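Here's a quick tour for anyone opening this one for the first time.

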Amino acid sequence: MRILVLILLPWLAIFLQSTIFSFYNIKGTTPDLVLVFVTFFALFNTAKKGSGYAFFCGLLEDLYMGRFIGLNALSKGLTAYIVGKVQGNVFKENIFVGVLGVLVATALNSLFLFLISIMVFDVFHIDTGMLHHILYQAVYNIIVAIPLYIWYYNSSSKGVLRTRGE
Amino acid sequence: MFKLFKSKFFWLLLLVIVISIMVMNATAAERGNITFLEKVIRDTYVPLQSGVNSFRNNWDGWTAVFSDKSQLQKQIKLLEAENSRLTMENQSLQEYKQESFRLRKMLNFDNSNREKFDLLPAHLIARSPNNWYECITIDRGLRQGVQNGMPVISPGGLVGCVGSVSENSAQVNLITDREMAVGAIIQKTRETNGIVEGLGDSNELRMINIPYYSKISEGDRIISSGLSATYPPGINIGTVTEVTREPNGLLQVAMIKPAVDFNKLEEVFVITGYHPVEGFEVEEE
């Protein structure tokens, strides 16, 4: 059941991002729900598991888009690895951990997207419009992260996302 | 350091990065067809996305019922006035059309290319799930005859072109996407051949490669030139909002407000029957 939910989460996130959130965007910016779930997973699991799951979620997003397949998979995988590396030192009961995690993950993911794009394709140019998107997305991600973190924390401690043996 | 090389995870990570970069490169350029897996993933979303879209349209209809009556009356008056103005304009344009046909016949010219469009109406069902790409998903796909590279327009003007197609849906890359470029001219003077490129922002386009001597100014309407094989000529792209000269002084750059309001886009038309203008190929050679 846990695995099914973990597979459904990024699928649902892409669906919501492409419909409801994109129709009601803030200044043309939509939240990255996939990244939010990936960050939470990395916070509650190890860096290796987190990066593996993030790679899968990013790949799903890339396959849906049909362009630059591997870009989101790689950037999200690397982001989750870093988030997962620091997760052992934080108290996950505190909601600010989730919020701060999402904020850091948004910045890291954007940075990786830039770096990979510039290194591999030389197509993305950093301009003010892009920086605005990142700032708005960080704010939007934090807003959606608050209720989602509460749900994720409860689910992973005593709900459907609890790992076997806990 | 050597410990790192002994780690299996390190080698696995390296392998994944190398394979990802190879796949990224292979899928960066325009592809003829998307893979079976991509089609399946995309088509799993179509029924739900269509459902949400029709619910949203119905919801807008319901909220209109509760709108302010006086506001609705004002809107009706405005639309009636616009309708009268457009009817008059249409009458005079019909005259021009007839005249144009007569003159073309006399000069043995082909009919206007615009007359040859086969339009397939489609609904927008989803937008790009992330902020890096400017694209939309429509509810028409291979089954309805949509193919890669077909231009997409709306009553306002040029929307973009079909980037990839699955059985029941197609992804349309908007002209505002960073990777899009359209050959364009100024409608009034028809002298300047420039390239309109997307900036990743739905409210702004940029026209580049405009020679320094070109008479381009604020308010000029920009249309497709037909020089890029994908887009037919004469389709409205937008209006010039600002003209600046590049630091080298040889070229000008114009900022363009798109003719289409991409945030309010609901219905589009795929040009399924467009064929490049006869003689275009000869010109290219």
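**Where the chains meet, and what else to find**

Start with B:Tyr45, which touches A:Pro10, A:Trp11, A:Ile14, A:Phe15, A:Leu60 and A:Tyr64, leaving aside residues up to four places away in sequence. Keep in mind that this is a predicted model. From here we'll go through cores, aromatic rings and salt bridges.

**Nonpolar cores**

- As a bit of background, nonpolar side chains tend to be buried together in soluble globular proteins.
- The largest nonpolar core here has 56 residues, and B:Tyr45 is among those with the most contacts inside it, along with A:Phe40, A:Tyr64, A:Leu71, A:Ile116 and A:Tyr152.
- Which helices supply at least two residues each to this core? They are H1, H3, H4, H5, helix H6 (95–120) and H7 of chain A, plus helix H3 (36–65) of chain B.
- H3 of chain A gives the most to this core, with ten residues.
- Another core lies apart from it and has 42 residues, including B:Leu120, B:Ile138, B:Cys161 and B:Ile222.

**Aromatic rings**

- Across all chains, the whole structure holds 17 aromatic pairs.
- One of these pairs is A:Trp11 with A:Phe15: the ring centres are 6.4 Å apart and the planes sit at 15 degrees, so the pair counts as stacked.
- Is A:Tyr152 buried or exposed? A:Tyr152 is buried, at 2% relative accessible area.
- The two rings also belong to one aromatic cluster, made up of A:Phe40, A:Phe44, A:Tyr149, A:Trp151, A:Tyr152 and A:Tyr153.

**Salt bridges**

- Opposite charges on side chains can pair when the charged atoms come close.
- The count over all chains is ten salt bridges.
- In one of them, A:Lys76 meets A:Glu61, with 2.9 Å from N to O.
- A:Lys76 lies in helix H5 (residues 71–86) of chain A and A:Glu61 in helix H4 (residues 47–65) of chain A, so this bridge ties together parts that are 15 residues apart in sequence.
- A:Lys76 is buried at 0% relative accessible area, and A:Glu61 counts as buried at 0% too.
- Over in chain B, B:Arg143 bridges to B:Glu167, and their closest N and O atoms are 3.8 Å apart.
- B:Arg143 is in the loop between strand S2 (135–138) and strand S3 (151–154) of chain B, while B:Glu167 is in the loop between strand S4 (157–165) and strand S5 (170–174) of chain B, so the pair ties together parts 24 residues apart in sequence.
- B:Arg143 is exposed at 62% relative accessible area, whereas B:Glu167 is partly exposed at 29%.
- B:Asp261 and B:Lys264 form another salt bridge, their closest N and O atoms being 4.0 Å apart.
- B:Asp261 is partly exposed at 37%, and B:Lys264 is exposed at 65%.
- Back in chain A, shared partners join A:Asp32, A:Glu61 and A:Lys76 into one salt-bridge network.

Note on methods. Residues are numbered from 1 along each chain as its sequence is written. Chains are lettered from A and ligands numbered from 1 in the order in which they are written. This is a predicted model: local features need pLDDT of at least 70, side-chain atom pairs count only at pLDDT 80 or more; totals for chains, interfaces and linings use all residues. Side-chain values use heavy atoms; hydrogens and water are left out. Rings of Phe, Tyr and Trp (its six-membered ring) pair if their centres lie within 6.5 Å; planes under 30 degrees apart count as stacked, over 60 as edge-to-face and the rest as tilted. Buried means under 20% relative accessible area, exposed over 50%, partly exposed in between (1.4 Å probe, protein chains only). A salt bridge is a side-chain nitrogen of Lys or Arg within 4 Å of a carboxyl oxygen of Asp or Glu. Helices (H or I, at least four residues) and strands (E, at least two) are DSSP runs, numbered from the N terminus. A nonpolar core is a set of buried Ala, Val, Leu, Ile, Met, Phe, Trp, Tyr and Cys residues joined through side-chain atoms within 4.5 Å. Contact means heavy atoms within 4.5 Å.
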